[in-house]
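Please work through them with the sequence and the model side by side.

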Amino acid sequence: MVTRENTMVPLASPDAQASPDVEGEVRRKISADLTEHFRDLWAYRELLLQFTRRDISVRYKQAAIGVAWAVLTPLVVVLSGWVLRLAFGRISGEMPNDQMMAGVAVKSLGWAFFVGAMGFGTASITGHLALITKTYFPRAILPIASVLTQLVDAAIAIVAVAIALPFFGVGFSLGFLWIAPIAVLLLLFTTAVTLAASCANVFFRDARHLVQIVLTFGIFFTPVFFDASAFGHTGSRIAMLNPLAPLLEGLRLAVVQGHNLARPLVDDTGLLIWTPLYLVYSAVWAFVGLLVTMAYFHRAEFDFAEYV
């Protein structure tokens, strides 16, 4: 006769059993939402191009100065930066040189692109009441079209700055190869923030006022008029916590100074001006931010018609 001892087997708590399953289910759900969203965007890519063409046409068709508007915003930023640089230089006794002025001009391109895309993209959904309530299409097309439209403005401004750079003693260097990856990261990050802002503006109409405040005063917290290294060892690292800061500073170092961004840069005083980790930091914000906002946007867009 075979007997079996009555042993007590400890049971796992319900939370311990459910937690991995819940986490796995959440990951699968997010993955499915993203896959569905990107598939919809690809299926409606022609509509995206149509919205982009329409926005470009509307922006320039009845404009008194035409495509000069594309140069006006970065030009105002550049002139403002030069005035501040000259004023602070006169106070400190160290007048800005051509390289400093060129740096402001280059960084103003990235800032103007971000501001323009955010400004038009935030109200892109609430401004299309008839379309939102009457027909289905991926709502993300509207803010993305605003970002793509701003690319046209940026391209015109880039040509203008490229013509002006040789007059500041900036010539071609291998650092120009970094323009493409920085531009891609700036595009992805701007798209992510614009999607989040446009979605928030649907549910909270005062969100556009908050965006306007950020766009108005954000330039003073972003190294456009100044270099992050001006704040010293600790201050420069704090300034670079702004995801836009490494992109703008990297653009300046690569274009104006011809620096290879894959290598750290330290000045004569031992101050760390650049490390490749700064670019990795911005890349994480760009890619993760875009995926998160895409997933949330896709789940929230089905409620837009009730709030628009």
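**Exercise 1.** How many nonpolar, polar and charged residues does the lining of the largest pocket have?

*Solution.* Bear in mind that the model is a predicted one. Begin with the space itself, which amounts to about 780 Å³ in the largest pocket, and then turn to the 38 residues that line this pocket, of which Leu109, Phe113, Ala154, Ala157 and Ile158 are the closest to its centre. Next, trace the lining back to secondary structure: at least two residues each are supplied by helix H3 (68–92), helix H4 (98–121), helix H6 (141–164), helix H7 (179–203) and helix H10 (244–255). Sorting the lining by class then gives 31 nonpolar, 5 polar and 2 charged residues.

**Exercise 2.** Determine which helix gives the largest share of the lining of the second largest pocket.

*Solution.* The second largest pocket holds about 670 Å³ of space, and among the 24 residues lining it, Arg85, Met100, Phe226, Asp227 and Ala230 are the closest to its centre. H3 and H4 each supply at least two residues of this lining, and the largest share, 6 residues, comes from H3. By class, the lining of the second largest pocket comprises 11 nonpolar, 8 polar and 5 charged residues.

**Exercise 3.** Describe how H2 and H6 cross, and name the residues through which they meet.

*Solution.* First consider the axes of helix H2 (residues 45–61) and H6, which come within 8 Å and cross at roughly 50°. Because of that angle, H2 is oblique to H6, and the crossing of these two helices is right-handed. On the H2 side, the residues in contact include Leu47, Leu48, Phe51 and Arg59, while the H6 side includes Ile141, Leu142, Leu148 and Asp153. Counted by class, the contact of H2 with H6 has 12 nonpolar, 4 polar and 3 charged residues.

**Exercise 4.** Decide whether H4 and H7 are roughly parallel or oblique to each other, and describe their contact.

*Solution.* The axes of H4 and H7 come within 9 Å and cross at roughly 25°. Angles under 35 degrees count as roughly parallel, and H4 and H7 are therefore roughly parallel to each other; their crossing is right-handed. Gly110, Phe113, Phe114, Ala117, Met118 and Gly121 in H4 meet a set of H7 residues that includes Leu186, Phe189, Val193 and Ala197.

Definitions and conventions:
Residues are numbered from 1 along each chain as its sequence is written. This is a predicted model: local features need pLDDT of at least 70, side-chain atom pairs count only at pLDDT 80 or more; totals for chains, interfaces and linings use all residues. Side-chain values use heavy atoms; hydrogens and water are left out. On a 1 Å grid over the protein atoms alone, a cavity is a set of points where a 1.4 Å probe fits but cannot get out, and a pocket is an open set with protein on both sides within 12 Å along at least five of seven lines; lining residues have an atom within 4 Å of a point. Grid points are joined across faces, edges and corners, and a volume is the space filled by probe spheres set on the points. Helices (H or I, at least four residues) and strands (E, at least two) are DSSP runs, numbered from the N terminus. Ala, Val, Leu, Ile, Met, Phe, Trp, Tyr, Cys and Pro count as nonpolar, Asp, Glu, Lys and Arg as charged, and the others, Gly among them, as polar. Axes are lines fitted to C-alpha atoms, for helices over the stretch in contact, and angles run from 0 to 180 degrees between N-to-C directions. Angles under 35 degrees count as roughly parallel, over 145 as roughly antiparallel, 65 to 115 as roughly perpendicular and the rest as oblique. A crossing is left-handed if the near helix is turned anticlockwise from the far one by less than a right angle, and right-handed if clockwise. Contact means heavy atoms within 4.5 Å.
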